[in-house]
There are 2 protein chains.
Amino acid sequence: MYSILLSGGSGKRLWPLSNDARSKQFLKVLENSQGQRCSMVQRVWEQLQSVNMDKKTIIATSKSQVDMINSQLGKRVDLVVEPERRDTFPAIALAAVYLYSVKGVSLNEVISVFPVDPYVEDRFFEKVKQLEQVIYSSNADLALVGVKPTFPSEKYGYIVPRNSNSDVDYIEVSHFKEKPNQEQAFRLIEKKALWNCGVFAFKLNYIISMLEEKGLPLSYDALIQKYDQLEKISFDYAVVENAKKVVTIMYSGFWKDLGTWNTLSEEMSTNLIGNGIISDSTSNTHLINELGIPIAAMGLDNILIAASPDGILVTNKDESPKVKDLITPFDNRPMFEERRWGWYRVLDHTKFSIDNEVLTKRIGVKAGRNLSYQKHYKRSEVWTIIRGEGEFALNGEIHLVKKGDVLVIPVESEHGIKALTDLEFIEVQSGSEVIEEDIVRIQMSWDKVKQICT
Amino acid sequence: MYSILLSGGSGKRLWPLSNDARSKQFLKVLENSQGQRCSMVQRVWEQLQSVNMDKKTIIATSKSQVDMINSQLGKRVDLVVEPERRDTFPAIALAAVYLYSVKGVSLNEVISVFPVDPYVEDRFFEKVKQLEQVIYSSNADLALVGVKPTFPSEKYGYIVPRNSNSDVDYIEVSHFKEKPNQEQAFRLIEKKALWNCGVFAFKLNYIISMLEEKGLPLSYDALIQKYDQLEKISFDYAVVENAKKVVTIMYSGFWKDLGTWNTLSEEMSTNLIGNGIISDSTSNTHLINELGIPIAAMGLDNILIAASPDGILVTNKDESPKVKDLITPFDNRPMFEERRWGWYRVLDHTKFSIDNEVLTKRIGVKAGRNLSYQKHYKRSEVWTIIRGEGEFALNGEIHLVKKGDVLVIPVESEHGIKALTDLEFIEVQSGSEVIEEDIVRIQMSWDKVKQICT
C-alpha cells in the first residue's frame, strides 16, 4: 500500500500563528515521543515512521509549503506539488497520477489518503494499514476509517452503516450525514454511525480509470500542464458520494481534529511558549508569544493568547473557532515567513505618501544558502549586515561582505547574497510600492550567479 | 494664592503604557470637555484654566518629564525641575523656594499643592481655591481638602475630624489613619472622617521658615546645588504629621484616583484605542493598542488589554493593580519615548555575542528640531532616511540629506542632524554595547554646531 498525506490548507483558524505562508501543521506547539517541541506534520511523520509507513508515503502539498516541509522533515520526503490550489479532488488525482506514471505503482495497488491535522494515537495508523486488506476482501470502491464517537458532536460528518454483517471485518456504509444537530447526532450514534475523519483507501485503478473516462492525461507532467483546467471540487463530492460500494472499519482510540485553538491548546506541551509570564491566579490559559516583547497574563480563566508579528489574539477558548470571521478586516501581509534559505520578519511598515512606502525587515540567511539574484522595479533597498559573512552580487560583480557593511541597492539593480556563515541583515525597502510580487528572479543557483558575475 | 501641581511618579502600575520615561499622566486615554482624547495632565490643566488657576500654578516635576509636559501643554507652563528624584518633601520645598526667591511671592501668600492624577469634577478646584480663605480664617498651619467617602475603602488614607464646630467653615483635624481594614473604615466614616486626596495649602512662610530652621538655602539656585543632600522623605511624614493645627474642608463630589488600570479604564473615553477589534460577544473590556499590529479580542468579560512596544498586558481588571509585581522579571529598556525633538521606537534588539549587540530604531525628528551633536564609544550607526530632508553634521562637515540617503557613522564619529522638514530614519546601532548612556553630547544648539562645522 502507498499513502498520500494531504498537507493543504493555510487558513486563518489559528490566526495569528497561521497565515497564507504558514499553515497550522507547521506550528511547533506539540510534543514528540522524546518530549521535544514539534509541529503537527513532524508528529504525524514520526508516527508514520514508527509504523513503517513513511517510505511509501508521498506528501501532496502546495508551492507555498514546500520550503516549510523540507525545513521540518528534511529533503528525504517525496513531494507532489500542486501548481495552484484547486481543492482535494485535483490534489489527490495529481498524486495518484504521480504514483502511476512516475513511481510506476501497479493499478492493483491500494492507495490510502489521510490529512495532516488529526491528533491520534500511533495505533490509528495500524487501522489505516488494515484498509489494504479490507479493499481486497470487500471488493469495495472505497474503504474508510471511521472514528467511534465519544459524544454527539454537531461539528463532524458521520458515516452511517448498513445493518452490519458480523462475519466480515468491515462495515458496509449506507450513507453520510454532515453536521447533524445534537438530537440527530444522538440517534446516529445509536445506529452505530462513526465520525468521518477523512481517511480512505482505494485501488489506484479506481482513480486512474475515473481520470481516463474524463479524458484527463495520465502522465504527471501532462496533468501538471492541464492542472488549471481541473474542476475545483472536493474528493468527497467528486468521488465518495458517487462510489457504488463503500465500507468502513472502526477506530475506537483517541482522535481529535486540531483545527482550532481550543482543540489545539488541549494537546499543547506547555501553557507558555515564548517570552511571557502567567500569574498564579490564572487558570486553564495558554500563552504563545512569537514576538520579541513580553506578554503578562493576570487573573484569566479559559483564555488563549497567541501573538505573532501578524497580530495578537486574546480569546475565550470556547469562542476561538470563530477567529477566522472576526479578523477579516485586518491587512493580510504575512509579517513572518520561513523560507528555503532562512527567514524574515517585518519590523515596520509605513505608507507615507503615494510615492513613498517603507518596509523594514530583519532577514536571516542560513550558512551555505542564498537569496536569488534578482531585481525590483519599484523599490530601492539598503541592507545593513548585522551578523556573519557572505558573498554579495551587485550588477555583475561579487563582493565579500561582513557584519558592519552597508549595501545600497538602487531600483532595478541586480543583486543577490549567499551566506558563508549564518548571516543576518536589516533591510530598509523604500519606493512607490513595496510588495513581495515586485521581484524579477534572474537566477536561483549561486554557481550560475558567480558565472554571470565574473 | 499660588499653586503647585505635582507631576511626579513614573511607576509601573499602568505597564506597559507607563515606563520610566512615560508616566501615566501622559497617556491619552481620557476625554476633554470638547470630547477629544487627552491625557490626565492635559485634563487637569484644562480644568485649572476653567477656574482661572492656571496662570498662578507651577508644575513640580522631574527631568525625564519635561519634554512630555512641554509637548502636551506647550511651552507656556512654569516648571520647577528636580535635579533628581527625592520624594515629595524636597520637591515641594524646591517649588516653594522657587516661588519665594524667583517669583518673589510674599511669605504671607497661601500656596496650595495637589497631585496630577485624581479624576475629579471641575468644582473640586473651587474647593481648592477655598483653602486660601480657610488658612487665613483658621490660622491653621495646614488646610486640606478631604473627600466625602462613598464606601468604606481599605485603600485610602482617612482624615479624622475633632468634634466639629458648626460656627466655622472648616473642620479641625484630630489625626490621620492610613489604609484601615473595612471594619475600621466603616467606623471612621461614622465619625465623619474624609478620604485624604493629597490636596493641602499653607502660608509660604510656614515652609520657608521650616527650611530656614534646617539651615537650608532659601535661594532657588543654591537649593538646586544642595538638592542631593535633602532627605528623601514624603511631605506627609515631614510636615503634615508634625503640624500643630490642621484643618480640612469637605468635597462631596466625584473623585477618583486613576492610578491603576481598573480605575483608569472606567473613565476612558472609548473601549478601543488603536488597531484592533472587539467581538460582540465581549463585555466590559478595554483594549489599548500602541503597536503597529492588530489585536483581536473575542468572548472576554471584564478584561483589560494594553499593548505598547514595552510589552502586552492581558488582565482581569480586578487584578490589574498587581501588575507592577508581576512584571518585575522583564527587561526594562523603554521601547518608545517621546522627546523634545521628536520620538523613537525600538523595532528590534538582539545580543548576538559579547561584542555584537544590535538595536534597530525608527526615529522621527520634528521639522526645525535637531538631535544634539554627539558621539558614541561603543557603537557604530547606520541611518537610512525614509522621509523628509535635513542637515547632517559628521566630523566637522555639514551635508544636506534627504529621503533615500544612507548615512554611515563609525564609532567615535561626531554627528548630529537637524530636520528641515519632518524627518524620519531607520537607525541600526551595532557594537559591543548599545545603551542610551553611551553618548557624549558635544553641542545641543544647532547654530553652534554649524559654527563648529564650517
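Author: Start with a definition: two strands pair if DSSP finds at least two bridges between them. Strands (E, at least two residues) and helices (H or I, at least four) are DSSP runs, numbered from the N terminus. This is a predicted model: local features need pLDDT of at least 70, side-chain atom pairs count only at pLDDT 80 or more, and totals for chains, interfaces and linings use all residues. Residues are numbered from 1 along each chain as its sequence is written, and chains are lettered from A in the order in which they are written.

Reader: What is the order of the five strands in the open sheet of chain B?

Author: Strands of a sheet pair through backbone hydrogen bonds, either parallel or antiparallel. Here the order is 26-25-28-23-30, with antiparallel pairing. Strand 26 (397-402) and strand 30 (440-443) of chain B are the edges; each pairs on one side only.

Reader: Which residue stands opposite B:Asn370?

Author: B:Lys418, in strand 28 of chain B. Strand 23 (370-375) and strand 28 (415-419) of chain B pair in the antiparallel sense over three bridges.

Reader: How are chain A and chain B related?

Author: Two copies of a chain are related by a rotation about an axis and a shift along it. Chain A can be laid on chain B with an RMSD of 0.1 Å by a turn of 179° and a shift of 0.1 Å along the axis. That is the relation of a two-fold axis. The superposition is by least squares on the C-alpha atoms of residues with pLDDT of at least 70 in both copies. In chain A, the C-alpha nearest the axis is that of A:Leu347, 2.9 Å from it.

Note on methods: Side-chain values use heavy atoms; hydrogens and water are left out.
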